[in-house]
Structure formats: structure tokens, C-alpha cells
Amino acid sequence: MASLRSRLIFSHTLPALVIIPLIGIALVYILETQVILVNLSQQLTRQAGLLVQVTADYPEIWHDPDAAQRFVARFAPALSAQLMILTPDGLLLASSDPFDKAQEGKVLTLKGLATAQGGEVSVETDYNANAQADIVDVLAPVLNQPQQVVGLVRLTHIYATVYERFWRLRYFTIDVLLIGLLVGVGTGLFLALTLERPVTRLTTAIEHYVTADAHTPPLAEEGAMEIRVLIRAFNRLVSQLQEQESLRKRLLANLIHEIRRPLGALTSAVHALLHGASEEPALRSELLNGMTEEFQQLEHLTTDLLLLYEQAVGAIELDRRPTDLHEWLTTSLVHWRVAAQRKGLTWQVTIADQLPTLCIDPVRLGQVLGNLLSNAIKFTPAGGVITLGAGVTPDSFQLTITDSGPGIDPAEQGHIFEPFYRSQRTKRFAHGMGLGLTIARDLVNAHGGQLTVRSTPQHGSTFTLRLPLIDCPTH
């Protein structure tokens, strides 16, 4: 019984196989003892009462055994029980049962004799399967005018006389219980298979996912509520794993592309220097400057990958400290202003005079600022405008960076913060690892802030950074 199916079937059918027969036995016992025997007792009591009244017309039966036998022979055929006529002390005068012939003239030992001698009707029942055992025994006293017991009328049902009635009840009960048993077992099998089927499908899907094909389609949610929750969790897990696998492949593809480009440029520069370019000062200087830029690109790439690794292994660690935002912005923007003006862009900065001192990691937020400004400068054509504004709202510090570049397609604005995303529609995100905005968003989120974008194709983009106004705790 190692399989889940066999255990479920056993657990669902065993109660029916055990409980229903036990209920049947108890039901038969209750019906026979509490219904049939009670009805028989009441029936014999009524018949005995009628016979007691009839004996008033036959006073001779208490003194003449032959008269008593004629009385029994006359009334016994109309009765369903055995009839006896006895004296007050239990002496048998006459019986409708031929087997009692040898007992006539003898005193019988009767259970309810003392009760009957006291003038009350005695009713005795004995649930016994012995064919000749008394199962219902009614002993009724016959009283004269002075209320003295002059004789006894006894009516008896032995098991053999009610055998047919008992077995008719038992057959009927067995038929009902068999139907109930079949329905119970059938229902148990159905429920067991209903529970087992989705679990088997889930197990098969997991095995298939692990050993064969990672692109497992979602399973239909069926079965009990707990099983549906389990299937839903499995589908969500598979979806996340498939997404991670897709991200991994995109990471490898982008990484190969981004590393090969600077390595190719460096290889060409080294080759040129080794073959005479080093003899020409102007060419040598140009090649070395180009190599420096390529090394800077590689350094920037490794920094992004390091931040991505930190995000994967746990929460990003921040070195928070009190930072004057006005001073931090003024210092951080110098380099980017020069870069924008070198490209021929108009540089416009509006910073509020009174900016708060916040508890931030200035280096990490400097990376965010650099990423946003680098993209704005890179994708804004010469003659365009870069606008930066910084101010304070009642509950946050707000920084906006607006460019007059090509903008972002509305269908892609919901994806630009996804890792490794590279646009297929516009040139804005067609190159690079696709990590810059993802890392920027995660760094802002780590500060408890929010980074959003608003863009219209051909009319530029605006990135808005909001940080809560939080002071560093004092120790």
C-alpha cells in the first residue's frame, strides 16, 4: 500500500466497510428487541386480557383438566402464540402445544409466577436464537369476585414462531445496507480518485520539469481547495523559474555582447601599438585615450554586475549618513554638466535654495543620478535640452530629470525597469546590458523611495525620483 491512490482508496472505503456493517448489526438488534419484541409483548398482553375475560364463562376449566383442554382447543387456533391454562400455583392443566402433554398435571417453573400470583400481568422477553426458547412470555391472572387468583392464562411466543418475521427484517436491512455499502464504497473510490488525480498530475509535471523540459505549461487548478492552492503555488514557482532562466540567458547574451565590444577595441588598439602606432605621438595618444574609455566601460559593467549580485543574494546594503542634499547635488552635477555641454546640449538646473539634510547613502544615490543623467545625455541629440529640478514637497524630496530625446514607446514604459530589457522598437534601450535602470530603481527602493517615468515618443522623457524625508537616528 505504498502508492497514494491505494492509501486514499483504503482510507475512504475502510470506514464504509467497517461502520456500515456495524450499524446494520446494531440496527437489527434494536429493531428486533425494541420494536418487534415490544410489539409482540403488547399483542400477547392484549390477547391474554381478552382470554381472561372469556374464562369467566368457563369456570369449570380450573377444576377439570378435560374442560381446560376443550377451552384451549377452541381458542388456540385463533391465536398466534401458544396457550396454556394453569392453576394459581403453576400446575399445568392444558396446553396448545402437543409437546407439553407430558407436563400436564405438573407444576412448571415460571419466571413471572410470583408476579401473576400477586394479581398483576407478568411479561417476560428473552432475546435468544434457540428455536425452542421462550422469546415472549405473558402470564395473566384470572380473578374472581373477591379478587382472588383462581387461575392463570399463559401466552408464549418461542423463537421458532417469530423466526420468519425476524429474518424478513434482517433480509430487508441487509439489502438496504448493501445498497448503502455500494454507494459508500463508490463514493469513497470517486473521492479518492478525485484527490489522487490532480496530485498525480502535479507530481508528473514536477518530474517532467526537473528531468525533461523546463518549459512546463501551467497546470489546471482542480481538486480540493488545498490542492488547488498547491497547484497555484507550483504554477507560480514554475513561472518564476522560467522567468529567471530567461533572464539568465539574456544576461549571458548581453554580457558576451558587452564584453566582446570593448575587448575587440582594446585588441585592435594593442595590435596597432605593437605594429608602429606607438611611434606617432598623436595616434598613440588617441589610441590610449580610447583604451582608457573602454576600460572605464568595463569597470562600469563590473559595477553593475556587482550590484546585480548583491541584489540576488539579499537586500542591498546602504551606508546611510546625514547628507546635505544641496551640497551633494552641486558636487555631483559638475561632471555631467561638462559632459552635456561637450555634446552640445543645453544644461538647465533648478535647485531649491533650502534642501533638507537626509539620511541617505550618497554614493549609491550618486550611481542612480549618474545612470539617469548618462542615459539622458546619451540619447538626446546635439542641440537638445537636459533639465534637472530639485525641490521638497510636504512629505518627500523630489528630483526630476527631463530630456528632449526620442522618448519611450508607451508599450515599453512598463518594462524599462526590468533587468536585461533592451528595446526592439526604439534606439533608446537597444544597447547595453539593460541593468542601469533596474539597479537605479532598486537603489531608490532600498532608500524607501520611488523612481517613475513619464514619456511621450518624439517629445522626450522625464524621470522622477522621490525620497521620504527621513533623518538619521541619533545614538
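Tutor: Begin with one term. A cavity is a set of grid points where a 1.4 Å probe fits but cannot get out, and a volume is the space filled by probe spheres set on the points. Keep in mind that this is a predicted model.

Student: How many cavities of 30 Å³ or more does the count give, and how much space lies in the largest cavity?

Tutor: The count comes to one cavity of 30 Å³ or more. The largest cavity holds about 50 Å³ of space.

Student: Which residues line the largest cavity?

Tutor: The lining is made of Arg320, Leu358, Cys359, Ile360, His447, Leu467, Pro468 and Ile470. By kind, these lining residues divide into six nonpolar, one polar and one charged.

Student: Which strands each supply at least two residues of that lining?

Tutor: They are strand S8 (357-360) and strand S12 (461-468). S8 gives the most, with three residues.

Student: Let me step back to the whole chain. How many helices and strands does the chain have?

Tutor: There are nine helices and 12 strands. The chain has 475 residues, of which 37% count as buried. For that label the relative accessible area must be under 20%. Another way to read the fold is through contacts: among those between residues at least 6 apart in sequence, 64% join residues at least 24 apart.

Student: How should I read a nonpolar core?

Tutor: The general idea is that in soluble globular proteins, nonpolar side chains tend to be buried together. In this model the largest nonpolar core has 37 residues, and Leu369, Leu373 and Phe397 touch the most other members. The elements that give two or more residues to this core include helix H7 (325-342), helix H8 (362-379), strand S9 (385-392) and strand S10 (396-403). H8 gives the most to this core, with seven residues.

Student: Which residues does leucine 373 touch, not counting residues up to four places away in sequence?

Tutor: With those neighbours left out, Leu373 touches Leu333, Trp336, Trp347, Ile386, Leu388 and Ile401.

Student: What about a helix? Is H9 largely enclosed or open, and why?

Tutor: H9 is largely enclosed by the rest of the structure, because eight of its 11 residues are buried. The buried ones are Gly436, Leu437, Thr438, Ile439, Ala440, Asp442, Leu443 and Val444. Just after H9, glycine 448 takes a positive phi of about 80 degrees.

Student: Which glutamine takes a positive phi in the hairpin of S11 and S12?

Tutor: That is glutamine 458, with phi near 70 degrees, in a hairpin that has five residues between the strands.

Student: Why do glutamine 147 and glutamine 458 count as exposed?

Tutor: The exposed label needs a relative accessible area over 50%. Glutamine 147 counts as exposed because its relative accessibility is 55%. Glutamine 458 is exposed because its relative accessible area is 64%.

Student: One last residue. Is glycine 391 buried or exposed?

Tutor: Glycine 391 is buried, because its relative accessible area is 17%. The residue sits in strand S9. Leaving out residues up to four places away in sequence, glycine 391 touches Ala352, Leu355, Ser396, Phe397 and Gln398.

Notes. Residues are numbered from 1 along each chain as its sequence is written. Side-chain values use heavy atoms; hydrogens and water are left out. On a 1 Å grid over the protein atoms alone, a cavity is a set of points where a 1.4 Å probe fits but cannot get out, and a pocket is an open set with protein on both sides within 12 Å along at least five of seven lines; lining residues have an atom within 4 Å of a point. Helices (H or I, at least four residues) and strands (E, at least two) are DSSP runs, numbered from the N terminus. Ala, Val, Leu, Ile, Met, Phe, Trp, Tyr, Cys and Pro count as nonpolar, Asp, Glu, Lys and Arg as charged, and the others, Gly among them, as polar. A nonpolar core is a set of buried Ala, Val, Leu, Ile, Met, Phe, Trp, Tyr and Cys residues joined through side-chain atoms within 4.5 Å. Buried means under 20% relative accessible area, exposed over 50%, partly exposed in between (1.4 Å probe, protein chains only). Contact means heavy atoms within 4.5 Å. Two strands pair if DSSP finds at least two bridges between them.
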